[in-house]
Amino acid sequence: MSEAINKAPEFAARPAAWDRTNPIGDFVRDTLALADVELRKLRRDPAELLTRAIQPALWLLIFGQVFARIKAIPTGRLDYLTFMAPGILAQSVLFIAIFYGISVIWERDLGILQKLLVSPAPRTALVLGKALSAGVRGLAQGVIIYMLALALRIPLDFRIPQVLGVIAFIIIGSALFSTFSLAVACLVKTRERFMGIGQVLTMPLFFASNAIYPIATMPGWVGAAAKANPLSYQVDALRALMVQGGSSVFGVGVDAAVLLAGLVALVLVTAALYPNVVR
Amino acid sequence: MADIATPSAPVLTAVETQGLTRLFGSIKAVENLNLSISAGAIFGLLGPNGAGKTTTIRMLTTMLAPSAGTARVAGLDVALQSKKVRKAIGYVSQMLSADGALTGYENLLLFARIYGIPQSERKMRIVEALEFMGLTSAAELLVKTYSGGMIRRLEIAQSMLHRPVVLFLDEPTIGLDPVARHTVWQHLRQLQERYGTTIFLTTHDMEEADHLCQSIVIMHRGHAVAAGSPESLKAQVGPTASLDDVFAHFAGGSVEDVGGYQQSSRIRRTARRLG
């Protein structure tokens with residue numbers, strides 16, 4: 001083995017300058033590098049986005065039109081379709097995000113996840129990178145809902161601060177629910193179990209929220225569940241920002257605080273669970 | 001970074017384990033494993049499917065915590081200094097894990113970023129790695145159009161961008177055709193020669209071990225049953241012995257007839273992806 005040892009001077013070929021000195025800068029760089037990868041994939045295969053437009057279209061065109069006619073739900077100053085549009089936007093973003101966790105199982109099976117876990121990228125960056133990618137997909141969904149809403153003559157608010165606010169809440173909501181989904185994937189570890197749980201989660205999250213009826217109309221226990229449901233805070237903010245004449249029940253600041261706190265907590269929990277998937 | 005070896009204070013043992021053990025429930029996947037691998041060597045961990053090779057590599061790459069014992073990689077403790085270990089190593093998984101939806105260049109770019117290679121050097125490193133692995137003309141193609149051998153070479157390029165001290169490869173040529181296998185071997189030897197990288201690979205292919213490795217350890221049912229250079233092990237068994245004979249001698253069976261269902265199915269899945 002002496003011959004091999006003679007090569008040892010090359011041992012530390014990694015320049016010292018590469019060693020990280022700025023944890024926050026590195027965290028941001030790693031997160032954006034991972035989100036960038038998802039963006040590139042999405043750009044190459046946009047067909048997926050179109051098929052995802054079908055479900056919200058059905059909700060607005062069928063459910064929305066019928067309920068707007070029978071006026072069964074008290075929605076204050078807004079007509080029912082206008083009340084419902086932000087809810088359907090939040091719902092369609094939720095439905096994408098809640099199944100996003102399966103990508104980590106998929107990447108585990110392909111060996112991609114193992115390579116990322118063996119890299120120096122912090123686990124929180126791996127999780128938040130995925131969460132932001134889900135946010136990008138959510139934004140594409142937002143564009144589709146806006147187009148549907150315009151076609152239905154729903155009065156949208158196009159002032160710049162409002163539109164920027166909608167973008168921010170779509171990204172935060174997508175990130176939050178996709179991180180939740182990643183945490184579930186880390187616990188169940190197989191595709192089959194994950195799909196089963198995903199189905200079970202979406203309906204209660206959607207119906208026990210203010211997406212298609214106000215919390216004030218709910219029986220006490222459903223109302224309590226809706227107030228504990230992050231989706232309600234996303235819908236509440238979107239309702240204030242997206243449509244003309246819309247208003248927030250909790251206050252947009254409260255909505256943002258609740259969603260951001262939930263996101264941070266979920267990213268930390270999921271980062272701790274992440275190495276679980278490969279075990 | 002004083003803990004990582006510097007030229008002024010070279011660490012001559014790249015990988016060292018003492019009593020390394022990993023349990024899964026009551027099953028002892030790896031038991032009391034002692035390894036000592038010189039810096040700059042090509043080392044092979046041999047054994048049939050289910051011998052504990054992958055579990056060992058997962059412990060050494062910080063993916064899995066040891067149940068007992070210690071392991072040091074590049075002079076760093078895998079349990080106590082896992083973040084530093086991750087900067088010092090490269091890893092190529094058993095599965096063909098380059099991202100098929102990205103181009104070769106993009107696959108390399110992602111890893112250049114997360115390994116902290118400064119922006120000013122990224123492009124140069126990537127171009128160099130592509131050239132070194134013979135992938136320059138395929139750089140802008142989507143990886144899903146690559147052959148199995150090309151994907152494997154791309155993955156080795158990915159794992160070398162940051163010049164790791166130790167490069168771990170789990171079954172690097174599994175499922176590859178003979179020509180692609182020889183190309184991968186040639187590139188691994190060149191890597192060792194050019195950069196002095198210590199290469200740690202697992203294999204159940206005796207020909208691979210014979211061609212490539214300067215020292216080997218044979219594992220069987222979680223234990224190391226033999227260690228030495230391929231030549232010395234063959235000499236121990238008999239004047240005309242092959243490594244296959246060495247394996248049969250120390251593990252008490254042929255390479256083919258041992259192995260678990262799960263491992264086999266994973267290998268088949270990889271083979272299927274290769275078409």
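A nonpolar core here means a set of buried Ala, Val, Leu, Ile, Met, Phe, Trp, Tyr and Cys residues joined through C-beta atoms within 7 Å. With that noted, I opened the model, which is a predicted one.

**Entry 1: the core**

The largest nonpolar core has 161 residues, and Ala85(A), Val73(B) and Val166(B) touch the most other members. I then checked which element supplies the largest share of this core: it is helix α9 of chain A, residues 160-188, with 14 residues.

Next I followed Val73(B). Leaving aside residues up to four places away in sequence, I found that Val73(B) touches Val15(B), Leu60(B), Val78(B), Val85(B), Ala88(B), Ile89(B) and Val166(B).

**Entry 2: the six-stranded sheet of chain B**

I traced the strands of this sheet one by one. It is an open sheet of 6 strands, running β6-β7-β8-β3-β9-β10 in chain B, and its pairing is mixed.

I went to the pair β3 and β9 of chain B. Residues 42-46 and residues 215-220 run parallel there and are joined over 4 bridges. Within that pair, Leu46(B) has Ile218(B) of β9(B) as its bridge partner. Helix α9 of chain B, residues 243-251, packs on the sheet and touches β3, β9 and β10 of chain B. I wrote down its direction too, at about 45° to that of β9(B).

Ile89(B) was already in my notes as a contact of Val73(B). The partner of β6(B) is β7 of chain B, residues 166-170, paired in the parallel sense over 4 bridges. Here Val92(B) has Leu169(B) as its bridge partner.

**Entry 3: the four-stranded sheet of chain B**

I found another open sheet in chain B, with 4 strands in the order β2-β1-β4-β5 and antiparallel pairing. Its edges are β2 (27-38) and β5 (76-77) of chain B; each has a single partner strand, so one side of each has no neighbour in the sheet. I looked at β1 (residues 13-24) and β4 (residues 68-73) of chain B, which pair in the antiparallel sense over 5 bridges. Across that pair, Thr17(B) faces Ala71(B) in β4(B).

A reminder to myself: most residues other than glycine have a negative phi. Lys189(A) is not a glycine, yet I read a positive phi of about 70° for it. Lys189(A) sits in the loop between α9 and α10 (191-207) of chain A. It is partly exposed, since 15 other C-beta atoms lie within 10 Å.

Thr62(B), also not a glycine, has a positive phi of about 70°. Its place is the loop between α1 (53-60) and β4 of chain B. Is Thr62(B) buried or exposed? It counts as buried, because it has 23 C-beta neighbours inside 10 Å and the cut-off for buried is 20 or more.

**Entry 4: confidence in chain A**

I checked pLDDT last. Chain A has a mean of 88, with 92% of its residues at 70 or more. The lowest mean in chain A is 39, in helix α1 (residues 2-5), and the highest is 97, in helix α13 (residues 252-273). Over residues 1-13 of chain A, pLDDT stays under 50, and the model has 38 contacts beyond four places in sequence for them.

Methods:
Residues numbered from 1 in each chain as written. Chains lettered and ligands numbered in written order. Predicted model: local features only at pLDDT ≥ 70, side-chain atom pairs only at ≥ 80, totals over all residues. Pairing = 2+ DSSP bridges. Helix = DSSP H or I, 4+ residues; strand = E, 2+ residues; numbered from the N terminus. Contact = placed C-beta atoms within 7 Å. Axes fitted to C-alpha atoms, helices over the stretch in contact; angles between N-to-C directions. Buried ≥ 20, exposed ≤ 12 C-beta atoms within 10 Å, placed from the backbone. pLDDT = per-residue confidence, 0-100.
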